[in-house]
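Please have the sequence and the model open while I talk.

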Amino acid sequence: MKNQPLLFELGKSGRRALDLPALDVPVQKGLLPATVIRSEEAALPELSQLEVMRHYTQLSNRNFGVDTGFYPLGSCTMKYNPKINEDIAKIPGLSAVHPLQNAKLVQGSLRLIYEVEQALSEIAGMAGTTMQPVAGAHGELTGLKLIRAYHRDRGDLARTKVIVPDSAHGTNPASATMCGMEAIEIKSEADGSIDLAALRAVVGPDTAALMLTNPSTLGLFETQIKEIAEIVHDAGGLLYYDGANANAIMGIVRPGDMGFDVVHFNLHKTFSTPHGGGGPGAGPIGVREILLPFLPEPRVIKNGENFEWAVPTKSIGKVHGFYGNFGIFTRAYAYILSMGAAGLRQASEDAVLNANYCKKMLEEAYDSPFDRYCMHECIVTSKKQKAQGIHTLDIAKRLLDYGYHPPTIYFPLIVEEAMMIEPTETESKETLDGFIEAMKSIAQEAEENPEVIISAPHHTVVSRLDETLAARKPVVKWEA
Ligand SMILES: *Cc1c(COP(=O)(O)O)cnc(C)c1O
């Protein structure tokens, strides 16, 4: 790929992309102080419409997205989101509603919120859901605030500790800390499951909650879930379920049935909102009965045939402006209705099947640290390639040459040189086979010609970047 000139370097004097109508208002002199008025014209590029169009279209083609290729970024669920859900989110009757409009005039929008809450409560096995949090991490913070409010309401002020397994996503301990509680880490067993003895050793009268991700960030289903729930509940703590990996369990198991008290979903992972670049998102949380009175306000309630705003009796207040990111609820609503209960279950089953297929097919070429079925994502490592001086980062970079977005690398932290592959249910067997072929071919290159991997990527616009410098000292301005 050859490097593209900057827009500022293109163009010819006098070229125009459009004709503006002549100014038809009187020019008023003296409105602005002289110091802010240009004395010379700005040196802007002058281009035709076609040149501008080509420039931006070519730049857009450098971007890698689900619409252009396989994107197995583990933990992120980069599945294909049907475009019809985007069209539905754009319907003016939904997208142009003002949040301060009288509830009587926006009954359809309130109904949509109510029904998507009901659907998520059903999927979670919970008594109620709030749609207000706008990210998974925000759901975690909100859930922990509810748990704290619940303990305080009972006069139990000593519960300030949140137990988090070492396999958890970094947001879990961060949310506990943000909530003013103390995160207590417990180690996982060699097979990736929770160490029950370690859990028993830390629970007590100061335990506010345990946060658990299931399937875990290792892509494994936590099988001792009943024991874990009992240990924590018996000690008086509550159970928080990080449901970011819900793509593995929809319609198969429910956090509520596993004994959990709060669960968050990432609508931007599981329920059809495209993500990346930082948002917007939605991290609704489902809660058990005992936490309903504490939910953020306002909530939508159904009163006869009407939908109304209401404030729960012991509400923790607001956690976001108005009611959260409504546009994302519309996508989730359309997705859930179009998939139906059976379709959601099928999606999860296919996601798990695809991940196990990748795991099995890669097991010979790559080290596979856990000898059991995985859920919707699998982990392999570069342990076998270590002798050739090849690290996971090199393999990820080489994958770019083959036209694939790399998997998540170096996460989860407790697996050395991890590559976390989440194929998702929306990919065909042919696509998976192509990716597997590329991974195998890289493993072969590692044997025969490691240099080609270590110096990769070779076919991208830029090769290896100094990522630290790019983040610390980004150059975002062009100067002549
Ligand atoms: C993505 C993710 C989160 C955080 O979700 P955000 O919406 O990015 O805040 C939390 N836990 C797990 C396991 C995740 O994969």
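This is a predicted model: local features need pLDDT of at least 70, side-chain atom pairs count only at pLDDT 80 or more; totals for chains, interfaces and linings use all residues.

Which atom of alanine 137 lies 2.8 Å from an oxygen atom of the ligand? It is a backbone N or O atom of alanine 137 that lies at that distance, and the pair falls under the heading of a polar contact, meaning a pair of N or O atoms within 3.5 Å, where within protein one must be able to donate a hydrogen and the other to accept it, and residues adjacent in sequence count only if both atoms are side-chain atoms.

Residues are numbered from 1 along each chain as its sequence is written, and side-chain values use heavy atoms, with hydrogens and water left out.

Staying with the ligand, there are 13 residues around it, of which Ser75, Gly136, Asp242, His268 and Lys269 come nearest; a residue counts as near if one of its heavy atoms lies within 4 Å. Serine 75 places a polar side-chain atom 2.8 Å from a ligand oxygen atom, and for histidine 268 the corresponding distance, again from a polar side-chain atom to an oxygen atom of the ligand, is 2.6 Å.

Helix 5, residues 136-153, packs against helix 6, residues 171-178, at an angle of about 45° with the axes 9 Å apart, where axes are lines fitted to C-alpha atoms, for helices over the stretch in contact, and angles run from 0 to 180 degrees between N-to-C directions. Helix 5 is therefore oblique to helix 6, given that angles under 35 degrees count as roughly parallel, over 145 as roughly antiparallel, 65 to 115 as roughly perpendicular and the rest as oblique. In this contact, defined by heavy atoms within 4.5 Å, Ala137, Glu140, Leu141 and Leu144 of helix 5 meet Thr171, Asn172, Ser175, Ala176 and Met178 of helix 6.

Helix 10, residues 326-362, packs with helix 4, residues 107-124, at about 45° and with axes 9 Å apart, so helix 4 is oblique to helix 10. Among the residues that meet there are Leu112, Val116 and Leu120 in helix 4 and Phe329, Tyr333 and Ile336 in helix 10.

Helix 10 also packs with helix 12, residues 429-448, at an angle of about 30° with the axes 10 Å apart, and these two are therefore roughly parallel to each other. The contact includes Tyr357 and Met361 of helix 10, together with Phe435 and Met439 of helix 12.

Finally, some backbone details. A cis peptide bond joins glutamate 297 and proline 298, with omega about -5°, and proline 298 sits in the loop between strand 7 (285-287) and strand 8 (299-303). The peptide bond from phenylalanine 411 to proline 412 is also cis, its omega being near 0°, and proline 412 belongs to the loop between strand 11 (408-409) and strand 12 (418-421). Threonine 77, in the loop between helix 1 (49-61) and helix 2 (83-89), has a positive phi of about 50° although it is not a glycine.

Methods
Helices (H or I, at least four residues) and strands (E, at least two) are DSSP runs, numbered from the N terminus.
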